[in-house]
Amino acid sequence: MYSKWKDSWFFNIRKDVLSGITVALALIPEAIAFSILAGVDPMVGLYASFIIAIVISFTGGRMGMISAATGAMASLMGPLVAKYGIEYLFAASILTGVIQYVMGVLKFGKFITFIPNSVIVGFVNALAIIIFMAQLTNFNGASWQMYAMVAGTLAIIYLLPLITKAIPSALVAIIVMTILSMNLNLDLRTVGDMGEITQTLPFFHVPDLTLTLQAIGYILPISLALAVVGMTESLMTATIVDEMTESKSDKNKEVRGQGIANIVSGFFGGMAGCAMIGQTVINVKSGGRSRLSTFVSGVFLLFLIMVLGNVVKQIPMAALVGVMFMVSVGTFDWQSLRTLVKIPRSDALVMILTVAIVVATSNLAIGVLSGVTLSAVIFGWRSAKIKALISNDKNGSKIYRISGQLFFGTMAHFIDLFNYRNDPDTITIDFSSSHVWDHSAVTAITKTISKYEQLGKKVICIGLNEESKLMVEQGR
């Protein structure tokens, strides 16, 4: 048992603690902003962020990944809160968690294997662009001091590692810029300007609403959407972290863990959340690898709110903007730009479409779904090719050697391959270079044989593999 805990919690203690602290500082403005987006008090997002981070550190399937309140989830909650109130939001968050837990039990984590690499790269690049664009609003009406502090933050982030990597450069940048801002009384927007931070603990709270069929009808569609969006974003982020750290994760356990975290969040006055790629990149690039880094990010966020609330309010947004610029640059897959002209045009199209839709809608789920759908259509189009090599044997029988995949997309083409009236009395159909995939293919074969039999001709099918043969026998 100790060895198991050591392998997942305590093999990287110093870096995990420091990276967790860095992430906690970056979580605050994001949580407040997402609360405002959802139309709720800033503390709802802050409560959700530290609760989800702490719970997922125990229940998640991807070590080193950061989960909290997110913009993609908050954007779906706004209409529910505006129309029915915050109690419905808490209930929807709990139901979201229940749905996600069931998805994990049913192994929906396998869904990520159906997402092509071009969609994943498009998702990553789109997210990098969104992170960058989200910071630009902080420059509205800003003074030269804002630009100078962002530049100073980036200088520390990129130059400090040339001297030492003992402490995450992003953490040092935030601390140094906060001290400068406080001592020089600079005219800068701070975290305190984002929203009110109250030093109060969350408490267990059962949503105050009557659970009628009508109420369930209000929250169920929102909860389903939240569950799918949260699962998709979490699985995509987990896959990216797998590649960044060259390690594996348990996707189904992650989905179950997200569900448990959202249930707890809903019962303690928080909103539903999911994995955050921006904060996850900060964690990984700062050296975070184990569950401890995720746990520390949640615990330190709580410490910041309860103990250092007045200090946190003084953190200049310029410092956090600089950190997020670093995240944006580090997240974007620059290699994809160099290989864009070398990869197949269809893959390039899928990648560009995914980026365009995600950036245009700010909805990661829609972008990913669109990319997967287009990839499926392209794959189906490529696969929908079937042909027959025709020959005659010495006995006068005609042989059709079929090549290509038999499925619903090639059903009509298969039936049209044959010259029913002019063919001899015996026809052999050789499926050695083909495969029967679905009931539509079986129907096509059955129709073909039936057409010949109506003309009094005999059909011999050879070359079917066992799986295909079984499908044909069961379908006839």
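What is the handedness of the crossing of α3 and α12? The crossing is left-handed; a crossing counts as left-handed if the near helix is turned anticlockwise from the far one by less than a right angle, and as right-handed if clockwise.

The legends below describe a predicted model, in which local features need pLDDT of at least 70, side-chain atom pairs count only at pLDDT 80 or more, and totals for chains, interfaces and linings use all residues. Residues are numbered from 1 along each chain as its sequence is written, and side-chain values use heavy atoms, with hydrogens and water left out.

**View 1. Helix α3 packs against helix α12.** Helix α3 covers residues 42-59 and helix α12 residues 291-306. Helices (H or I, at least four residues) and strands (E, at least two) are DSSP runs, numbered from the N terminus. The packing angle is about 150°, and the axes lie 8 Å apart. Axes are lines fitted to C-alpha atoms, for helices over the stretch in contact; angles run from 0 to 180 degrees between N-to-C directions. That angle makes α3 roughly antiparallel to α12 (under 35 degrees is roughly parallel, over 145 roughly antiparallel, 65 to 115 roughly perpendicular, the rest oblique). From α3, the contact residues include M43, L46, F50 and I54. From α12, they include R291, F295, G298 and L302. Contact means heavy atoms within 4.5 Å. By class, the contact has 12 nonpolar residues, six polar and one charged. Ala, Val, Leu, Ile, Met, Phe, Trp, Tyr, Cys and Pro count as nonpolar; Asp, Glu, Lys and Arg count as charged; the others, Gly among them, count as polar.

**View 2. Helix α9 meets helix α10.** Here residues 213-245 (α9) pack on residues 251-267 (α10) at about 135°, with axes 10 Å apart. The two helices are therefore oblique to each other. Their crossing is right-handed. M231, S234, L235, A238, T239 and D242 of α9 touch K251, V255 and Q258 of α10. Four of the contact residues are nonpolar, three are polar and two are charged.

**View 3. Four strands build an open sheet.** The order is β3-β4-β5-β6, with mixed pairing. Two strands pair if DSSP finds at least two bridges between them. Strands β3 (386-392) and β6 are the edges, each pairing on one side only. From one strand to the next, the twist averages 20°.

**View 4. Strands β3 and β4 form a hairpin.** Five residues separate the two strands. In the turn, G396 has a positive phi of about 90°. The strands run antiparallel, joined by seven bridges. I390 stands opposite Y400 in β4.

**View 5. Strand β5 pairs with β4 and with β6.** Eight bridges link β4 and β5 in the parallel sense. I399 has T428 in β5 as its bridge partner. Strands β5 (residues 426-436) and β6 (residues 458-462) also run parallel, with five bridges. On this side, I427 stands opposite V459, and T428 opposite I460.

View 6. Helix α19 lies across β4 (398-406), β5 and β6, and runs at about 175° to β5.
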